[in-house]
Amino acid sequence: MREVAIVGAGMTRFGELWNQSLRQMFVEAAAGALNDAGADRVDSMYVGCMSGGQFTGQEHLGPLMADQFGMTGVASVHVESACASGGVALRQAFIEVAAGVSDLVLAVGIEKMTDGADVTNVLATAADQELEVYYGVTFPGLYAMIARAHMHTYGTTEEDLAWVSVKNHRHGAKNDKAQFPTEFTVEQVLSSSMVAEPLRLLHCSPVSDGAAAVLLCPLDQAKQYTDRPVKIVGSGLATGSLALADRDDPAFLDSVQKSGERAFKMAGVGPRDIQVAEVHDCFSIAEVCCIEALGFVERGKGGPAAKDGFTAIGGCIPVNTSGGLKAKGHPVGATGVAQAIEIFRQLRGEAGARQVENARLGLAQNMGGSGASSVVHIFQGV
Amino acid sequence: MPSPRYTREIPSRYRLEAGRCKGCGKVTYPARTICPSCRGEEIEKINLSPRGKVVTSTVIHVPPDDFLMEAPYAMAVVETPEGARLMTQVVDCEPSTVLPGLEVSLEFRLIRKEGKSGILCYGHKAVPVA
């Protein structure tokens with residue numbers, strides 16, 4: 001296997017981008033990544049998108065985006081793993097470069113959620129249609145059940161969960177790409193409208209548009225493109241059951257643990273070696289479960305981590321320095337790649353006001369559905 | 001939902017048919033061809049007892065369009081005495097009282113109506129045991 005590096009990154013702002021279509025967002029992010037690296041070609045592209053078909057009526061995104069990017073003819077394919085589509089696109093690009101099949105591969109995540117589709121129903125296609133959605137459950141409802149199980153088993157409180165949102169908005173307020181770069185208080189979170197008990201509006205990530213792209217090449221060619229490449233030293237992908245009812249412990253995300261273990265094993269490091277992490281906080285409880293499953297805290301001890309400052313910038317393991325999905329926005333297919341870009345910026349010392357000092361090893365964890373798929377990457381500054 | 005698919009799901013929804021692995025005893029609802037615990041392929045059909053206990057729950061305040069008239073409503077993962085777990089609405093009670101540990105019975109009810117073809121879709125809902 002060849003060593004692989006990220007040499008360029010580009011992304012749109014995340015938010016309600018009424019004036020930009022799916023293809024326009026793709027081109028902005030992809031061109032940004034190539035310009036960042038000073039590259040003028042790619043050998044292959046992976047387009048991570050959860051549901052261009054249902055959000056905008058557009059499928060067959062591989063060739064469409066290659067054409068729109070002025071690269072008709074290159075290998076280009078759409079990959080899907082619900083909200084983990086972006087992270088999976090990155091993994092496919094990593095594998096293709098590592099395997100020696102291609103030298104210059106672009107991984108792009110995109111999603112256009114505000115073009116009028118019924119977002120609740122489209123997102124619910126990532127849950128088990130026959131066994132869950134049929135009976136009236138929603139995605140916030142599934143995470144609410146995970147939250148209630150965590151509270152019941154471990155004593156986690158609504159205030160603990162509110163602190164995840166407060167912390168991530170504090171981080172996101174320093175990110176000019178964020179959809180909601182606004183700080184909130186615990187009281188505001190706890191008095192926001194109820195979505196699915198115990199989760200309120202400000203426990204939930206927003207509906208967003210956006211695109212993010214990274215350019216990968218073999219490490220031994222990286223100096224052609226940048227003085228500061230970032231190595232991908234670990235990649236892990238794992239699956240779990242779609243239906244929450246099929247899990248032994250509804251308060252624990254097995255797929256996140258397995259994907260983390262695989263990435264840590266490949267990288268030859270452990271959770272205590274990581275200095276900065278982006279995890280999939282689609283709902284506040286998700287961050288709590290993810291930091292437990294990744295081993296940053298003990299199982300059951302994730303609740304107070306945000307409140308205690310453990311996961312804040314300046315804490316033991318800063319989590320979601322970008323603002324996370326909560327503040328930065330969550331254009332579902334774009335999220336996994338945007339997480340990688342935050343770690344790329346952190347490891348290059350380019351994260352500005354939200355820079356984590358002396359960050360050498362970073363981690364990004366992206367998941368699909370209520371944890372039915374999870375992909376973890378570990379990055380190292382060079 | 002297309003009617004062929006609905007027809008296919010009637011055994012589990014109407015009769016609570018589940019499967020028990022003859023190798024390891026794992027119960028799945030609905031029955032599967034391959035056991036998710038041991039990959040065994042000898043699965044016997046069983047009918048679940050129409051009762052159970054809430055494992056975890058929520059109250060949906062922002063529902064999908066098809067359930068707009070019902071919100072807020074309680075939903076729960078319920079475990080039957082056989083060890084099968086299923087997602088159900090919990091009805092005929094104050095939704096906020098549905099919490100882990102609550103004993104419920106499973107009753108045959110109308111779940112939803114399919115818009116264009118007018119199919120009435122049935123299944124089970126949970127009701128707290130008095």
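Predicted model: local features only at pLDDT ≥ 70, side-chain atom pairs only at ≥ 80, totals over all residues.
1. Overall dimensions of chain B. The C-alpha trace of chain B extends over about 45 × 40 × 20 Å along its principal axes. Of the 130 residues in chain B, 44% are buried. Among contacts in this chain with a separation of 6 or more, 45% are between residues 24 or more positions apart.

2. Surface and charge of chain B. The accessible surface is about 6600 Å², and carbon and sulfur atoms supply 51% of that area. Chain B carries 18 positive and 15 negative side chains; the centres of these two sets are 4 Å apart.

3. The three-stranded sheet of chain B. Strands of chain B form an open sheet in the order E2-E1-E3, paired antiparallel. E2 and E3 are the edge strands, and each has a single partner, so one side of each has no neighbour in the sheet. Between E1 (residues 17-21) and E3 of chain B there are five bridges, and the two strands run antiparallel. One of the paired positions is B:Cys21, whose bridge partner in E3(B) is B:Ile43.

4. Backbone exceptions in chain B. As background, most residues other than glycine have a negative phi, and most peptide bonds are trans. B:Arg39 is not a glycine, yet its phi is positive, at about 65°. This arginine sits in the loop between strand E2 (27-28) and strand E3 (43-47) of chain B. Is B:Arg39 buried or exposed? The relative accessible area of B:Arg39 is 59%, and the cut-off for exposed is over 50%, so the residue counts as exposed. The other point to check is the peptide bond from B:Ala71 to B:Pro72, which is cis with omega near -5°. B:Pro72 belongs to the loop that lies between strand E4 (51-60) and strand E5 (73-79) of chain B.

5. Overall dimensions of chain A. Chain A contains twelve helices and eleven strands. Its C-alpha trace spans about 55 × 45 × 35 Å along the principal axes. The radius of gyration of chain A is 19 Å; for 382 residues a compact globule would be near 21 Å, and the two agree. Buried residues account for 65% of the 382 in chain A. Of the chain A contacts between residues at least 6 apart in sequence, 77% connect residues at least 24 apart.

6. Surface and charge of chain A. The accessible surface of chain A is about 12500 Å², with 48% of it belonging to carbon and sulfur atoms. There are 29 positive and 42 negative charges in chain A, and their mean positions lie 5 Å apart.

7. Strand E8 of chain A. This strand covers residues 230-239 and is mostly covered, with eight of its ten residues buried. What does E8(A) pair with over nine bridges? The partner is strand E11 (residues 373-381) of chain A, and the pairing is antiparallel. E8(A) is also joined to strand E1 (residues 4-11) of chain A by three bridges, again in antiparallel fashion. A:Ile232 takes part in both pairings: A:Val4 stands opposite A:Ile232 in E8(A), and A:Phe379 is the bridge partner of A:Ile232 in E11(A).

8. Backbone exceptions in chain A. The peptide bond joining A:Glu197 and A:Pro198 is cis, with omega about 5°. A:Pro198 is placed in the loop between strand E5 (194-196) and strand E6 (199-200) of chain A. A:Asn320 has a positive phi of about 60° without being a glycine. The loop that holds A:Asn320 runs between helix H10 (284-293) and helix H11 (324-328) of chain A. A:Asn320 has a relative accessible area of 0% and is therefore buried, whereas B:Arg39, with its positive phi, is exposed.

Notes
Residues numbered from 1 in each chain as written. Chains lettered and ligands numbered in written order. Heavy atoms only, no water. Buried < 20%, exposed > 50% of the residue type's maximum accessible area, 1.4 Å probe, protein only. Contact = heavy atoms within 4.5 Å. Areas by Shrake-Rupley, 256 points an atom, 1.4 Å probe, with all protein chains shown as cover. Lys, Arg positive; Asp, Glu negative; His and termini not counted. Charge placed at Lys NZ, Arg CZ, Asp CG, Glu CD. Helix = DSSP H or I, 4+ residues; strand = E, 2+ residues; numbered from the N terminus. Pairing = 2+ DSSP bridges. Rg over C-alpha atoms; globule rule 2.2 N^0.38 Å.
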